[in-house]
Amino acid sequence: IVAFVSLVRSGRLFETLVSSIIQAAKVIPGVSGIVEAEQQKVLAEMDEFINSTADPEVMGEAMLKFPKQGANVKQLLKKLEKIHHAEYDVAVGGGRAFGGVYATKEHGKTLNKVYSLFSSSNALYPDLFPSVRKFEVELVAMGIDMMNGDENCCGSVTTGGTESILMACKSAREWGRKRGITKPEIVACITAHPAFDKAAYYFGMKVVSVPANDRWEMDVNAAKQAVTRNTVLMVGSAPGFP
């Protein structure tokens, strides 16, 4: 009864019923076959689309085994420069990318130079590479300052957006565990980054999706209704990811 009342209050009763019906239908032989066929159809369409974006004349044949003889360095670099030109100068530089690259061409050159200086540095050995620890401390401090944090705040440098989201979700899960929450939930808009679903899968959490309005903004009232005793994290984005 308590669970039913909670679902009604959160506005998730219909969503839960539909999800339960779909899961139950999947065990029926005929229905499960239809669902599987639709899934394979979608995967095939995705595969076709991804493959269509690669020019075979630029990419060349796929190398699926280690060659018996190593490639000539000049030939290898020439091939990679050709691929780089097609991707960065033509596609990205031509305005065909909505995300994924966040540096101008000149700034990119600076980043590449910096990366080449420290590409062999290993954060697991701060005694050998104290610069890595220094850089991390400074970046974390800058982030805390930008978010108006205090001396109680901390952080770490990750490999990118996805890992950052994973770590945020794991931290929220641990926060909930200390408070007796065994079924942690994440309240997020349907437009949220897919890494939140990935984190939920990895860490045994549940994403409670709320709709977006006609301006593709989170429905704040629906988000309020979705909050329960199991909520450990709410997702917001400013500005919104394209």
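Read along the sequence, the predicted chain follows the pattern α-α-α-α-α-α-α-α-β-α-β-α-β. That comes to 10 helices and 3 strands, where helices (H or I, at least four residues) and strands (E, at least two) are DSSP runs numbered from the N terminus. This is a predicted model, and local features need pLDDT of at least 70, side-chain atom pairs count only at pLDDT 80 or more, and totals for chains, interfaces and linings use all residues. Residues are numbered from 1 along each chain as its sequence is written, and side-chain values use heavy atoms, with hydrogens and water left out.

On the whole-chain numbers, 16% of the 242 residues count as buried. Buried here is under 20% relative accessible area, exposed is over 50%, and partly exposed is in between (1.4 Å probe, protein chains only). The accessible surface of the chain comes to about 19500 Å², and carbon and sulfur atoms hold 61% of that; the areas are Shrake-Rupley values with a 1.4 Å probe, and for residues only the protein chains shown count as cover. As for contacts (heavy atoms within 4.5 Å), 49% of those between residues at least 6 apart in sequence join residues at least 24 apart.

The strands come together in an open sheet of 3 strands, with the order 2-1-3 and parallel pairing. Strand 2 and strand 3 (231-234) are the edge strands, each pairing on one side only. Direction ignored, neighbouring strands of this sheet are turned by 30 degrees against each other on average. Two strands pair if DSSP finds at least two bridges between them; strand 1 (residues 185-189) and strand 3 pair in the parallel sense over 3 bridges. Ile186, for instance, has Leu233 in strand 3 as its bridge partner.

Helix 8 lies across strand 1 and strand 3, and runs at about 150 degrees to strand 3. For these angles, axes are lines fitted to C-alpha atoms, for helices over the stretch in contact, and the values run from 0 to 180 degrees between N-to-C directions.

Helix 8 (residues 161-177) is also where Arg173 is found. Arg173 is buried, with a relative accessible area of 13%. Leaving out residues up to four places away in sequence, Arg173 touches Pro184, Phe203, Met205 and Val232. A salt bridge is taken as a side-chain nitrogen of Lys or Arg within 4 Å of a carboxyl oxygen of Asp or Glu. Arg177 and Glu174 sit 3 residues apart in helix 8, about one turn of the helix, and Glu174 is partly exposed at 26% relative accessible area.

The whole structure has 5 salt bridges. One of them links Glu138 and Lys134 (2.6 Å, N to O); these residues are 4 apart in helix 7, so about one helical turn separates them. Both are partly exposed, Glu138 at 32% and Lys134 at 45%. Glu106 and Lys109 form another, with the closest N and O atoms 3.5 Å apart. That pair is 3 residues apart in helix 6 (residues 105-118), again about one helical turn. Glu106 counts as exposed at 53% relative accessibility, whereas Lys109 counts as partly exposed at 42%.

The surface also carries a nonpolar patch formed by Val73, Leu76, Leu77 and Leu80, with about 360 Å² of accessible area together. Patches are made of residues with over 30% relative accessible area and no salt bridge, like charges being joined within 9 Å and nonpolar side chains (Val, Leu, Ile, Met, Phe, Trp, Tyr) within 5 Å. Leu80 lies in helix 5 (residues 73-92) and is partly exposed at 45%.

Most residues other than glycine have a negative phi. Asn148, however, has a positive phi near 60 degrees; Asn148 is found in the loop between helix 7 (130-146) and helix 8 and is exposed at 72% relative accessible area. Trp216 also has a positive phi near 60 degrees, and is found in the loop between strand 2 (206-210) and helix 10 (220-226). Trp216 is exposed, with a relative accessible area of 64%.
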